[in-house]
Amino acid sequence: MNNEVIITCAITGSGDSANKSPNVPVTPEEIAASAVAAAKAGASVAHVHVRNPETRGFSRDVKLYQEVAKLIRESGVDMILNITAGMGADFVPDEENPNMGGPGSDMISPAERVRHIELIKPDISTLDCGSMNYATSAYIATMDMLRETARRIQAAGVKPEIEVFELGHIWQAKQLMKEGLIDPDPMFQLCMGIPYGAEATTDNMVAMVNALPKGANWGSFSIGKMQMPWAAQSVLLGGNVRVGLEDNIYLGKGHFATNEELVLNAREIVERMGARILNPEEARIKLKLKK
């Protein structure tokens with residue numbers, strides 16, 4: 001069991017949840033305010049995507065990322081800033097020409113995927129291993145793409161959070177470590193229950209935990225109604241916790257949650273298990289983040 005737990009709050013994500021719940025933050029001001037509320041509730045890490053304020057859908061606009069980072073950094077509330085670098089890898093083959101992307105595709109180069117990371121230099125950036133099949137598209141991240149992405153994140157002096165969705169992704173990350181593209185003391189996020197990666201089962205989670213490199217810091221999450229049970233299971237198996245509206249918009253049947261409520265609920269679960277929640281400064285030490 002992990003007795004010193006870091007809570008990450010995934011603030012808004014990139015899915016269609018903003019059209020399903022009134023509490024999913026959309027504008028930079030809303031995203032930053034929700035991150036601050038989550039931090040005050042006990043989250044040490046804010047995991048950030050941005051959204052198009054007009055369409056409410058996902059966005060890769062660097063200026064939006066810069067605005068959110070500025071607002072969080074100037075809020076006066078201490079938190080670790082974790083920004084996604086996982087956008088721009090979705091591919092849906094065109095029906096008439098499968099060599100080309102059709103509607104729903106959003107493909108950019110590895111350099112473009114991390115441009116905002118190189119400019120903002122957050123504490124943490126995701127390194128989304130792949131490739132894999134999502135529910136309606138493929139996520140494309142070849143080994144050479146991962147090499148360039150990892151190299152750029154490393155050169156920016158940013159800690160990668162290695163997001164893995166199945167066992168093969170951990171193997172990829174180990175290879176990147178062997179090549180010196182990921183520094184020692186790696187940080188992993190085990191992403192469970194996302195169609196069609198690893199199903200959210202205890203057996204799958206144990207297998208992934210056992211495959212991690214020695215000395216890795218790790219956390220795990222699952223989506224939807226499994227979010228809170230997974231928080232408890234992650235702690236029991238030695239990991240940290242992630243909750244937030246990116247992964248689940250409800251706190252009980254019919255109750256649209258806020259990020260603050262999700263963090264408070266996870267915090268109560270963890271503390272009732274006898275563990276302690278780490279504050280941002282303690283989390284920085286545990287994760288060996290660069291100052």
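**Salt bridges, a strand and the cores**

Colleague: Is E4 buried, partly exposed or exposed?
Modeller: This is a predicted model, and in it E4 has a relative accessible area of 40%. Buried would need under 20% and exposed over 50%. The value for E4 lies in between, so the residue counts as partly exposed.

Colleague: Which residue forms a salt bridge with E4?
Modeller: The closest N and O atoms of the pair are 3.2 Å apart. E4 belongs to strand β1 and its partner to strand β16, so the bridge ties together parts that are 272 residues apart in sequence.

Colleague: How many salt bridges does a search of the whole structure find?
Modeller: The search of the whole structure finds 16.

Colleague: Is E163 buried or exposed, and is R242 buried or exposed?
Modeller: E163 has 6% relative accessibility and R242 has 2%. With the cut-off at under 20%, E163 counts as buried, and R242 also counts as buried.

Colleague: Which residues are linked with R242 in a network of salt bridges?
Modeller: R242 forms a salt bridge with D247, where the closest N and O atoms are 2.9 Å apart. Both of these residues are buried. The network links R242 with E163, E246 and D247.

Colleague: How many of the five residues of strand β9 are buried?
Modeller: From β9, I124, T126 and D128 point one way and S125 and L127 the other way. Strand β9 pairs in the parallel sense with β6 over two bridges, and five bridges join β9 to the parallel strand β12. The strand is largely enclosed by the rest of the structure, because the number of buried residues is five of the five.

Colleague: Which residues touch the most other members of the largest nonpolar core?
Modeller: This core has 79 residues, and its largest share, seven residues, comes from helix α1.

How values were computed: Residues are numbered from 1 along each chain as its sequence is written. This is a predicted model: local features need pLDDT of at least 70, side-chain atom pairs count only at pLDDT 80 or more; totals for chains, interfaces and linings use all residues. Side-chain values use heavy atoms; hydrogens and water are left out. A nonpolar core is a set of buried Ala, Val, Leu, Ile, Met, Phe, Trp, Tyr and Cys residues joined through side-chain atoms within 4.5 Å. Buried means under 20% relative accessible area, exposed over 50%, partly exposed in between (1.4 Å probe, protein chains only). Helices (H or I, at least four residues) and strands (E, at least two) are DSSP runs, numbered from the N terminus. Two strands pair if DSSP finds at least two bridges between them. A salt bridge is a side-chain nitrogen of Lys or Arg within 4 Å of a carboxyl oxygen of Asp or Glu.
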